[in-house]
Amino acid sequence: MKKYFLFVLTIAFIACKEAPQAQEKQKPATADAVAVSDYDPEAKLADLNITLGTPSSPVANYVNVVRTGNLLFLAGKGPTQANGELITGKVGGDLTVEQGYEAARVTGINQLTVLKAELGNLNKVKRVVKVLGMVNAVPEFGDHPEVINGFSDLMVEVFGDRGKHARAAVGMGSLPRNIAVEIEMIVEVED
């Protein structure tokens, strides 16, 4: 009886040990593996009719981007339009939520311009990690997330799931040059 019990225990142990390996071999392709074949932010920009120019120069004693390891820390950018004009004013006073959303989207294009200048190709972006969105708003305004969605939605349009990020959307009493929004971001890139 003892031999039979030990035999059953040994078989059970071997079966448990081999089962996870068998399951691993049978796993279907992961979402990441499938996404890699479809991942082409450069093509997405073309589909969206977005052309990236040259990033604006810093207006003070800082740089547009700092790389440490495989992370890029992008300095705050504002909504400078293609014609060089800034989108200014307080959201909830001078600007509507929709106009703030558009300002955040323009700021997203400006940050993509910085990324492209730094990397040469946006396909090197592995993940948009973190975004800090600051909204120049009247004190009683409370729809900051809806404004910064203009930026976040663009990141997802361009990078797909890799564009989804952790985020803060906060109100400010003022921003430099009275710009409507200022947004900074952290991005993980290929080594």
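User: What makes V63, V66 and F73 a nonpolar patch on the surface?

Analyst: The model is predicted: local features need pLDDT of at least 70, side-chain atom pairs count only at pLDDT 80 or more, and totals for chains, interfaces and linings use all residues. Residues are numbered from 1 along each chain as its sequence is written, and side-chain values use heavy atoms, with hydrogens and water left out. A patch is made of residues with over 30% relative accessible area and no salt bridge, nonpolar side chains (Val, Leu, Ile, Met, Phe, Trp, Tyr) being joined within 5 Å and like charges within 9 Å. V63, V66 and F73 form such a patch, with about 250 Å² of accessible area together (Shrake-Rupley method, 1.4 Å probe, only the protein chains shown counting as cover).

User: Why is F73 called partly exposed?

Analyst: Buried means under 20% relative accessible area, exposed means over 50%, and partly exposed lies in between. F73 has a relative accessible area of 37%, so F73 is partly exposed. The residue belongs to strand β2 (residues 71-77); strands are DSSP runs of E with at least two residues, and helices are runs of H or I with at least four, both numbered from the N terminus.

User: What makes up the largest nonpolar core?

Analyst: A nonpolar core is a set of buried Ala, Val, Leu, Ile, Met, Phe, Trp, Tyr and Cys residues joined through side-chain atoms within 4.5 Å. The largest has 38 residues, and L112, L115, F159 and M185 have the most contacts inside it. Two or more residues come from each of β2, α4 (97-119), β3 (125-136), α5 (144-159) and β5 (181-189).

User: How do you know whether G78 is buried or exposed?

Analyst: The relative accessibility of G78 is 12%, so G78 counts as buried. G78 lies in the loop between β2 and α4, and, residues up to four places away aside, touches T107, N110, I179 and V181. The C-alpha atoms of G78 and T107 are separated by 5.3 Å, although these residues are 29 apart along the chain.

User: How do you know that the span of α4 agrees with expectation?

Analyst: The expected span of a helix is 1.5 Å times one less than its number of residues. For the 23 residues of α4 this gives 33 Å, and the end C-alpha atoms are 33 Å apart, so the two values agree. After α4 comes G120, with a positive phi near 85 degrees.

User: Why is R177 called exposed?

Analyst: R177 has 61% relative accessibility and therefore counts as exposed. R177 is in the loop between β4 (166-172) and β5, and its phi is near 60 degrees, positive in a residue other than glycine.

User: What makes E42 and K116 a salt bridge?

Analyst: A salt bridge needs a side-chain nitrogen of Lys or Arg within 4 Å of a carboxyl oxygen of Asp or Glu. The N to O distance between E42 and K116 is 2.8 Å, so the pair meets the rule. This bridge links distant parts of the chain, with E42 in helix α3 (residues 41-47) and K116 in helix α4, 74 residues apart.

User: How many salt bridges does the rule give?

Analyst: The count comes to four, including K126 with E188 at 3.9 Å and D161 with K164 at 3.2 Å. D161 has a relative accessible area of 57% and is therefore exposed, whereas K164, at 44%, is partly exposed.

Terms used:
Buried < 20%, exposed > 50% of the residue type's maximum accessible area, 1.4 Å probe, protein only. Contact = heavy atoms within 4.5 Å.
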